[in-house]
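Please keep the sequence and the structure in view while reading.

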4 protein chains.
Amino acid sequence: MNLQLDEARRIFSGAPFITSLGCQLDQLDAGVCHSHIILEDMHQQQDGYVHAGVQATLADHSAGTAAVTLIDKGQRVLTAEFKINLLRAAKGQQLICRSSVLKPGRVLIIAESEIYTLQADSSLILVAKATVTLAVINN
Amino acid sequence: MNLQLDEARRIFSGAPFITSLGCQLDQLDAGVCHSHIILEDMHQQQDGYVHAGVQATLADHSAGTAAVTLIDKGQRVLTAEFKINLLRAAKGQQLICRSSVLKPGRVLIIAESEIYTLQADSSLILVAKATVTLAVINN
Amino acid sequence: MNLQLDEARRIFSGAPFITSLGCQLDQLDAGVCHSHIILEDMHQQQDGYVHAGVQATLADHSAGTAAVTLIDKGQRVLTAEFKINLLRAAKGQQLICRSSVLKPGRVLIIAESEIYTLQADSSLILVAKATVTLAVINN
Amino acid sequence: MNLQLDEARRIFSGAPFITSLGCQLDQLDAGVCHSHIILEDMHQQQDGYVHAGVQATLADHSAGTAAVTLIDKGQRVLTAEFKINLLRAAKGQQLICRSSVLKPGRVLIIAESEIYTLQADSSLILVAKATVTLAVINN
């Protein structure tokens, strides 16, 4: 298996929306992607918590990047659907995402993302969990 | 029933993340919220399509705003979970969202959001559909 | 387009689990399937309501049957994932399901199912709504 | 904390639909429920695989039972929504479910269920994964 780590790196950072949110890639491996966002005011909803859309974006994009590590050259992935549970109102210094592929496949890849907030005392709180279905596209 | 239309307006526009994305409110009614984003390069993923996270954010926030029209003074809503199906790769001039409450409730409100792209010939293409569960919080 | 109505009829009734639940087919059309179950004690959960699993089964199977009307000869569908919101505790004489395809496709078909209970006064109450992603398999 | 293990046992076995499917309880602990079904022809869909509705029922009911271990006397749970990914066509001797609570709460409890098939050689294959949102009801 030739892991598409370079392609995954390109995908993660090549999306203007991801750059504008400040998403940063931390770790890549076969079927795995770790990432984070340093939280600023712009990521908040009306009550000062991290907007569900920010969490969903990081969960989806990191899951897609984890999937890309497993596809063949010339293929790409598109999110077919995802579901996210927001477990707690999220506040902290960073939003940290750990995505991993639950089930690889030639047509569909299923990945999961766990979203944590990093607190001032360095502890992590699980704030969201997502399941993402990615369609593999042959160009 | 006293519709919380002013509160809904405040919620829609009071979220820094929503403002930074350029989300705009078009219409509010009992259990209904219509909104849109004028699409720019910053909303794209790596292949030039609208990022799933942008669609998810608009779907979630508009659903929450639709729910807020139905709650009591002093209450607020938090997204408990949502699921979104990305039906087609999305491209166009605007992203248009129509959210409506499927089931009101004292503890949970279920809403649906349909996301369309507005094309240059003024036609609309359905690109995503989301179901959003909102928890009603008593302050 | 050659609708696969005969094949859809065969699929609906050819599943032993569906027969054992008493699911019956009412109507078939392009991308549409209506069905029902006459409710008995065996469909209940511990508090006397219709079990979520019964509602999910009818929602999934009818959505799959709606999808089958649109595929080619020699293809079949498998549920890739579904999500169901149980909107109200369900009780009544019949469980009625209306499924329709939201987005056809060569690889994935997305369908929605609305589940109603039929009351003694002939009224229908919406008790659940599901979104179903079906994978199209080429044999 | 007084675990409601007796109540959980009663819930698991007190649902006629669960009994009719042959679901059996294997293990109960704080926020944990393991269960299984010995597979028969009646659990199949039209192609001989385990019907998605059977997997969904076991996933939902076991998740609910895991949640019941954590609630107070006089409370009960109702499934608000669930999402299940069917990862592989499922075939085997038994369907085995491992459910655990991801996030307890006074209003909502989020649980996950992993569904495996037990093969003739005693190996387990992960065939489905579900996320279940349970509403806590005060009688």
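How many salt bridges does the rule find across the interface of chain C and chain B? The rule finds four, where a salt bridge is a side-chain nitrogen of Lys or Arg within 4 Å of a carboxyl oxygen of Asp or Glu. One of them links C:Glu81 with B:Lys83, whose closest N and O atoms are 2.9 Å apart.

The model is a predicted one, in which local features need pLDDT of at least 70 and side-chain atom pairs count only at pLDDT 80 or more, while totals for chains, interfaces and linings use all residues. Residues are numbered from 1 along each chain as its sequence is written, chains are lettered from A and ligands numbered from 1 in the order in which they are written, and side-chain values use heavy atoms, without hydrogens and water.

Chain C and chain B each bring 13 residues to their contact, contact meaning heavy atoms within 4.5 Å. The area buried between them is about 1200 Å², and carbon and sulfur atoms give 62% of that area; buried area is the accessible area (1.4 Å probe) that two parts lose on being put together, summed over both. On the side of chain C that touches chain B, strands 3 (75-86), 4 (94-103), 5 (108-118) and 6 (124-138) of chain C each supply at least two residues. Strand 6 of chain C gives the largest share, four residues. Helices (H or I, at least four residues) and strands (E, at least two) are DSSP runs, numbered from the N terminus.

Attention now turns to chains A and B. An open sheet of 12 strands has the order 1(A)-2(A)-4(A)-5(A)-6(A)-3(A)-3(B)-6(B)-5(B)-4(B)-2(B)-1(B), with antiparallel pairing; two strands pair if DSSP finds at least two bridges between them. At the edges lie strand 1 (23-29) of chain A and strand 1 (23-29) of chain B, each pairing on one side only.

Within chain A, six bridges join strand 1 to strand 2 in the antiparallel sense, and A:Asp29 stands opposite A:Val32 in strand 2. The hairpin of these strands has two residues between them, and A:Gly31 there takes a positive phi near 75°. Within chain B, seven bridges join strand 2 (residues 32-38) to strand 4 (residues 94-103), which run antiparallel. In this pair, B:His34 stands opposite B:Arg98 of strand 4.
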